[in-house]
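The sequence and structure are shown first.

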Amino acid sequence: MTPPAATLSAGPSEAEILHAAAGWAEARPFQGIHLGISPALNAVVELNPAAAVVWEALRLSPTLAAAEALYAELCPQRAAQAPADVAACLDGWRAAGLFRPAPAAPAPPAPASPPADPPAGDWLFDRTIALAGQPVAVRAADPELAAALEDMLAGFADAPAPAPEAVAALADGAGGWLVIDGTRAVRREPDRASARAAVFVALLHRAAGATPWLGLLHGACLDGPQGGVLLAAASGAGKSTLAASLLAEGWRLVAEDAVALTPALEAVPLPFALSIKRGAWALLAGRYPDLATARTHVSGTRLIRHPRLPAACWAPVPVRPRAILFVRYDPACAPACRPVAPLAALRALLTDETWINFGPAHTDRFLDWIETTPAFDLAYPSTDDALRLIAQCLGAGPSAAGS
């Protein structure tokens, strides 16, 4: 008697499951387990040995019944449990979001007729910057947006040649904002902070150009006497404050907030300004007295200021991080630096703010980088403690493990 096909909880249909599975990458061994990767969703799940077989059976089968049969063939000792095993995996992967529709490229409705640019003299910010080797004009016709973009892009050099296209932000006349990316897209945004963020994203897309990045990580990358580090943490954990402290000690900033990795495993210099949140202004007052009078901007729901950095603070060439540091500032904690296993580092890096190029030519390279790059958890009550711990992580002092 043929066992019944997997009985699913309410959720995606069989066709939706098989459509999603057809786009999955082959399960990859990593640190004693397997990883299931959905490139379309930029998602990764951990697989035990049985789940790895189910994953492959679904990828290669035209129906759920065929997937169960293949699983039973590959795992004969579990043949009687094949429907239950497949159903359990499907329920878990549904909960992980693997069967949701792949996100479409943002396409807010464009106005019936895009607004004409203001006369050249009416742009309150109009600058052509050198962005990853190409000229890009950035413009704004609103005084607050103009000030925000001026501060955000202060670290970029002026381009030696005119730009063929511009990224521009201006009011739409109906209480919202338009961000125009050359001739390719018109985005509507509800407020200035969202318009500023949309300009940032548009510039990142242009920086990527025709060369595919290995990934775009949420964090900051700096280069110091012992080499480069990637500072990673949730927003508000103190990484930008720590980055500012490292710069005051002679380090150089490669990228802040968004770190683009090339296939050569190097971070691309992207000199967007450091964003220092209000809670850190007093902490950095001694190192950056200009923060007291810097302009205040809105980023999301937070107030931020950008310290003015001299040109010597910016790294001029790509830098390969020697260590990944998951940082946490806590004035009440004891200084501590503990090694992080590669699997835990991967889990911590794969946030909603991270994008990894899981194409066939890049997945193994990224996973190899995670496996071979030392990672540490840093908890520190002061920036001086953090500087000492970072030196230890990079081999400039006694062993940091458990310190």
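## Aromatic pairs and the cluster

Rings of Phe, Tyr and Trp (for Trp, the six-membered ring) count as a pair if their centres lie within 6.5 Å. The model examined here is predicted. By this rule it holds 8 aromatic pairs. In the pair of Trp24 and Trp93, the ring centres are 5.6 Å apart and the planes stand at 85 degrees, so the arrangement is edge-to-face, an angle over 60 degrees being required. Because Trp24 lies in the loop between α1 (14-22) and β1, and Trp93 in helix α4 (residues 82-95), this pair ties together parts that are 69 residues apart in sequence. Trp24 and Trp93 are both buried. One aromatic cluster is formed by Trp24, Trp55, Trp93 and Phe99.

A tilted pair is made by Tyr329 and Tyr380, with 6.0 Å from centre to centre and 50 degrees between the planes. Tyr329 belongs to strand β15 (residues 321-329) and Tyr380 to strand β18 (residues 375-380); the two are 51 residues apart, and their pair links distant parts of the chain. Tyr329 is partly exposed, at a relative accessible area of 30%, whereas Tyr380 is buried, at 1%.

## A charge over a ring

Trp281 has the charged end of Arg305 over its ring, 3.8 Å from the ring centre.

## The three-stranded sheet

An open sheet of 3 strands runs in the order β1-β2-β3 with antiparallel pairing. Its edge strands, β1 (28-30) and β3 (43-47), each pair on one side only. On average, neighbouring strands are turned by 40 degrees against each other, direction ignored. Strand β2 (residues 33-38) is joined to β3 by 5 bridges, and His34 stands opposite Leu47 in β3.

Two helices pack on this sheet. Helix α2 (residues 49-60) touches β2 and β3, its direction making about 130 degrees with that of β3. Helix α9 (residues 363-372) touches β1 and β2, and its direction makes about 5 degrees with that of β1.

In soluble globular proteins, nonpolar side chains tend to be buried together. The largest nonpolar core here has 62 residues, and those with the most contacts inside it include Val138, Phe272 and Trp369. Helix α6 (residues 192-208) supplies the largest share of this core, 8 residues. Beyond its neighbours within four places in sequence, Trp369 is in contact with several residues, among them Leu217, Arg320, Pro321 and Leu349. A second, separate core of 36 residues includes Val229, Leu274, Cys313 and Cys393.

Definitions and conventions
Residues numbered from 1 in each chain as written. Predicted model: local features only at pLDDT ≥ 70, side-chain atom pairs only at ≥ 80, totals over all residues. Heavy atoms only, no water. Core = buried A, V, L, I, M, F, W, Y, C linked by side-chain atoms within 4.5 Å. Buried < 20%, exposed > 50% of the residue type's maximum accessible area, 1.4 Å probe, protein only. Helix = DSSP H or I, 4+ residues; strand = E, 2+ residues; numbered from the N terminus. Contact = heavy atoms within 4.5 Å. Pairing = 2+ DSSP bridges. Axes fitted to C-alpha atoms, helices over the stretch in contact; angles between N-to-C directions. Phe/Tyr/Trp six-rings, centres within 6.5 Å; stacked < 30°, edge-to-face > 60°. Lys NZ or Arg CZ within 6 Å of the ring centre and 35° of its normal.
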